[in-house]
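Subject: Structure for you to look at, with notes

Dear colleague,

I am handing over the structure we spoke about, and my notes on it follow below. Please read them with the structure open beside you.

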Amino acid sequence: MKRFIGKRAIASAISLVGLVILVFFLSRLTGDPTDLYLPIDATQEMRDRFRELHGLNDPLIVQFGHYVADLARLDFVESIRQARPAMDVVLEGFRWTLTLAVITMTLVTVAAIVIGSLAAFNVGGVFDRITSFFSLIGASAPDFWIAIVGIVIFSVQLRWLPTSGTGTMWHWILPISVLFIRPFGLILQVVRGAMITALSSAYVKTAKAKGVPPRPIIFVHALRNAMLPVITVIGDQAAGILNGAVVVETIFGFPGIGKQMIDAILQRDFAVILAAIMVSAIAIFLMNLLIDLAYALLDPRIRY
Amino acid sequence: MIQTNSSLAKERGRLATVLRLLWADKFACFAALVLLTVVLCAVLGPIWLSDEATRQNLRGRNAPPFELERGLMYILGADQLGRPLLPRMIVAARNTMAVAAGAVICSMVIGSALGLVAGYTRSRWSQVIMRLGDVIMSFPSLLLAVIVLYMLEPSVANIVLVLAITRIPIYLRTTRAEVLEVRERMFVQAARVMGTSDRRIVFRHILPVVMPTLITIATLDFAFVMLAESSLSFLGIGIQPPEITWGLMVSQGRPYLTNAWWLSFWPGLAIILTTLSLNLLSAWMRIALDPVQRWRLEMGGRKNG
């Protein structure tokens, strides 16, 4: 078990190092932050001082050396735009995104498992057809489109919900509903497929023959065995929200890590880009680890 | 079944079988029709309509849909510069399809080739390939695409490249898993005993067995890639104007949401219809290409839930 986690951690660390190097050099190729942060009529002297202050005068490779040295002391360098440690900026955004992801994925998981299991219990029935159809539409819809249609209907026309920002509970409803739709559609289909297989197995027939009522059959006998593929997709989708809520966060002005990242890229705030990449890569690593542990928990045959 | 010796007739017989299986599933039939329309638009649309799609008509700015006084072209309304939406969407189909098709084909070819190698040989290379797949999987793909595109000029080729790279692991893993299983089957063993070369075994005996799965995944992935491209274009780092895609059209209509909803609505609907059709078709393929499940369609399509 420990060896397995260690091996995984080493592999992830290697890819993280590669990623940091790649992004470090690529991001500096986009241009000089001086042009963005100082007014057009800034004197050469002011420019030089700005460049000196943020260490932009050295050759790229020296800058990289400095950055690695700072990282070794767990210093993630200051954000140029916000003049405070980049890690603080990123972690603040990550907290918002994490909250969003946890709430959304909890709702999605519960809804998809319950509805998908019930649909699988009566394949081809009315309930099954309706849910299949809607889950397909949900899995096909682009989230940015749903987001803006949602804003038009619920914020502009009906004036029930705020268009963007955070603050009250109401601000969370639209982003969560938009993020809910696609994972819900995808996971529902996987649950349904896995449950159909599980329900046609011999032990379920035995349980039925013994006279076990339908509900325990679905949720106790079959579900546990159908969970493995479902968990894979849940993890995949959760990772997607953790690093890919960019679109929804941008539309709703939600200060999560995705929006921070886009802003940092557009503003050439290199330290924040790098810190955000590291945080989201670590988050994905932990997420995958959690999923592997869940496998072992659900299926005693799986050992690491 | 038609039984003739000529290969043409055989080909026709196969096509008839496919059409019959398609007809058995009405949803898949509808999906195939939608996709056919989209592909026709993508191929023929720009030839006929590119003038129409870029002609500005300032008097028709944000013209509402369903009014025929300006002609059939304006049936879906017009955008902020008075350009008719219907021909614009038809022309935009080409870029949308080209990017998605390019990315899917690239990632499928590269991914499955690597997967065949990784699954068939037990060399050190297969380890290297799998680790490479893990590395790509552990990247936050959309964020990575954002960074790379912002830094490398968002051209069509770069978008295809970025999307293709992020999708390679899917094909890699699926192909390898299938090859590992197929390799141990009797007909492969027999071929090997008879002295068939590795290349012939892989392409002649293993690939045809793996292919249906790959095509099913590719169909599903096409929808995913299309949505990813739309998201990138929507964020402003995908396709750049004056080129158009559906995602870009949605984003261009966003400032006018309150007074001209149709600017964003129609292109979004086009995206949904296309991805929905791809999903439906992929579900049908999973059944039609699987010899164990095909009877569901051959029975007359009642029980193909």
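Read along the sequence, chain B follows the pattern α-α-α-α-α-α-α-α-α-α-α, and its secondary structure accordingly comes to 11 helices and zero strands. Please keep in mind throughout that this is a predicted model.

Chain B as a whole

The C-alpha atoms of chain B, taken along the principal axes, fill a box of roughly 75 × 50 × 35 Å. Of the 305 residues in this chain, 50% count as buried, and its accessible surface comes to about 15,600 Å², with 64% of that belonging to carbon and sulfur atoms. When the contacts in chain B with a separation of 6 or more are considered, residues 24 or more positions apart account for 68% of them.

The interface

Between chain B and chain A, 38 residues of the former are in contact with 38 residues of the latter. The two chains bury about 3,500 Å² between them, and 80% of this area lies on carbon and sulfur atoms, while the count of salt bridges between chain B and chain A is zero.

Nonpolar cores and a nonpolar patch

In soluble globular proteins, nonpolar side chains tend to be buried together. In this model the largest nonpolar core has 163 residues, and those with the most contacts inside it are Ile187(A), Ile206(B), Trp246(B) and Trp284(B). Of these, Ile206(B) is in contact with Leu116(B), Tyr120(B), Val179(B), Val182(B), Val188(B) and Ile201(B), once its neighbours within four places in sequence are left aside. There is also a second, separate core of five residues, among them Ala42(A), Phe50(A), Leu56(A) and Ile80(A).

Nonpolar side chains are found on the surface as well: Leu33(B), Leu36(B), Val39(B), Leu40(B), Val43(B), Leu44(B), Ile47(B) and Trp48(B) form a nonpolar patch there, with about 830 Å² of accessible area together. Trp48(B), which lies in helix H2 (residues 26–54) of chain B, counts as exposed because its relative accessibility is 67%, and the cut-off for that class is over 50%.

Arg88(B) has its place in helix H3 (residues 85–120) of chain B, and because its relative accessible area is 4%, Arg88(B) is buried. Not counting residues up to four places away in sequence, Arg88(B) touches Ala53(B), Asp79(B), Arg83(B), Ile244(B), Met249(B) and Gln252(B).

Asp79(B), one of the residues in that list, lies in the loop between H2 and H3 of chain B and is likewise buried, with a relative accessible area of 4%. With residues up to four places away in sequence again left out, Asp79(B) touches Gly60(B), Arg61(B), Asn62(B), Leu85(B), Arg88(B) and Leu263(B). The C-alpha atoms of Asp79(B) and Leu144(B), which are 65 residues apart along the chain, are separated by 32 Å.

A backbone detail in chain A

Which residue has a positive phi although it is not a glycine? It is Arg268(A), with a phi of about 55°. Arg268(A) lies in the loop between helix H12 (257–266) and helix H13 (270–298) of chain A, and with a relative accessible area of 15% it counts as buried, since the cut-off for that class is under 20%.

With best regards

Conventions
Residues numbered from 1 in each chain as written. Chains lettered and ligands numbered in written order. Predicted model: local features only at pLDDT ≥ 70, side-chain atom pairs only at ≥ 80, totals over all residues. Heavy atoms only, no water. Patch = residues over 30% accessible without salt bridge, like charges linked within 9 Å, V, L, I, M, F, W, Y side chains within 5 Å. Areas by Shrake-Rupley, 256 points an atom, 1.4 Å probe, with all protein chains shown as cover. Salt bridge = Lys/Arg side-chain N within 4 Å of Asp/Glu carboxyl O. Helix = DSSP H or I, 4+ residues; strand = E, 2+ residues; numbered from the N terminus. Buried < 20%, exposed > 50% of the residue type's maximum accessible area, 1.4 Å probe, protein only. Core = buried A, V, L, I, M, F, W, Y, C linked by side-chain atoms within 4.5 Å. Contact = heavy atoms within 4.5 Å. Buried area = accessible area lost by both parts, 1.4 Å probe.
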